[in-house]
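Here is a short report on salt bridges and model confidence. Look over the sequence and the structure first, then read on.

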Amino acid sequence: LLVCRLKSSVSFLTQPDRPNIAYQKLKGRNPGVIFLPGFNSNMNGQKATALEDFCKSLGHAFIRYIEDSDGKFEECTIGKWRKDVLSILDELTDGPQINTECCFPLRILVGSSMGGWLMLHAAVARPDKVAALVGVAVAADHVVTTFKRLPIEAQKEIEEKGEWKYQTKHNKEGYFSLTYDFIREAENHCVLNSPILVTCPLRLIHGMKDGDVPWEISMQVADRVLSKDVDVTLRKIGQHRMSDKEDTKLLVNTADDLIDKLLTVE
């Protein structure tokens, strides 16, 4: 069994075979919101806190978390992070809700960057628990696609060294260190090569000035999902993190509109 233990304002979902997951949970009514962070991000960013403030103001449930929070980052994989999301859904959203609107838990998943890739997997695996999706700069398949676009010589060098220094402007080193095994494992979780079995409402937000994940990926996701209720919003000057005041306002308004939609469905 998974066990929750409380430590100050942060709780930990203890997993017998994987590192613990740190999370913060706001009790409330359905539909609740779960925020899935991006690669090497934390749960205290502007998008997460803005969504939490919004949910608190309306009395809706909210969860934010850090994947494999006390594990070794180099041992993480897309598959393990996928299991973390499913553990959150399975262990933290069951049971009665305050002023519940329905007889079973419903969550809107908000995924940022790589969290957007994971939310697609979660929606396919747990369609009875996911009411809608909001993707912000969704990075579906991106690490695999980027690797495969490298020159063959570069790919072979990474394979031999076992490490890929993935260039980024989001840390002081200027790169993320990814193992070759991470890339190979990620190939097992690509979603853009076939129809994505997501049938719930989907909202995608992407900045056209995103220097990390091309906005065209959001268009691919919109095309691949089975759902007909899909909207894509492109921000002409939006950057990857989409954390400007107007960006977060758009995100909150998108979540608000989805909650209204779900509560008015007969």
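Lys-261 and Asp-229 form a salt bridge, with their closest N and O atoms 3.1 Å apart. This pair links distant parts of the chain. Lys-261 sits in helix H8, which covers residues 245–264. Asp-229 sits in the loop between H7 and S11. The two residues are 32 residues apart. The model shown here is predicted.

How accessible are the partners? Lys-261 has a relative accessible area of 35%, so it is partly exposed. Asp-229 has 25% relative accessibility, so it also counts as partly exposed.

Asp-229 has another partner. Its side chain meets that of Arg-203 in a salt bridge, at 2.9 Å from N to O. This pair, too, links distant parts of the chain, 26 residues apart. Arg-203 belongs to strand S10, residues 202–207. The loop that holds Asp-229 runs between helix H7 (216–224) and strand S11 (230–235). Is Arg-203 buried or exposed? Its relative accessible area is 13%, under the 20% cut-off, so Arg-203 is buried.

Which residues do shared partners join? Arg-203, Asp-229, Asp-231 and Lys-261 form one network of salt bridges.

## A buried pair

The whole structure holds nine salt bridges. One of them joins Glu-52 and Arg-64, with the closest N and O atoms 2.7 Å apart. Glu-52 lies in helix H1 (residues 46–58) and Arg-64 in strand S5 (residues 60–66), so this bridge ties together parts that are 12 residues apart in sequence.

Glu-52 counts as buried because its relative accessibility is 16%. Arg-64 is buried as well, at 7% relative accessibility.

## Confidence along the chain

How confident is the prediction? The chain has an average pLDDT of 87. At least 70 is the score of 87% of the residues. Among the elements of the chain, H7 has the highest mean pLDDT, at 98. Strand S1, residues 3–7, has the lowest, at 43.

Two stretches call for care. In residues 1–8 the pLDDT is below 50. This stretch has 20 contacts in the model beyond near neighbours in sequence. In residues 95–101 the pLDDT is also below 50. That stretch has 13 such contacts. Where pLDDT is low, predicted coordinates should not be read in detail.

Methods:
Residues are numbered from 1 along each chain as its sequence is written. This is a predicted model: local features need pLDDT of at least 70, side-chain atom pairs count only at pLDDT 80 or more; totals for chains, interfaces and linings use all residues. Side-chain values use heavy atoms; hydrogens and water are left out. A salt bridge is a side-chain nitrogen of Lys or Arg within 4 Å of a carboxyl oxygen of Asp or Glu. Helices (H or I, at least four residues) and strands (E, at least two) are DSSP runs, numbered from the N terminus. Buried means under 20% relative accessible area, exposed over 50%, partly exposed in between (1.4 Å probe, protein chains only). pLDDT is the predictor's confidence in each residue, from 0 to 100. Contact means heavy atoms within 4.5 Å.
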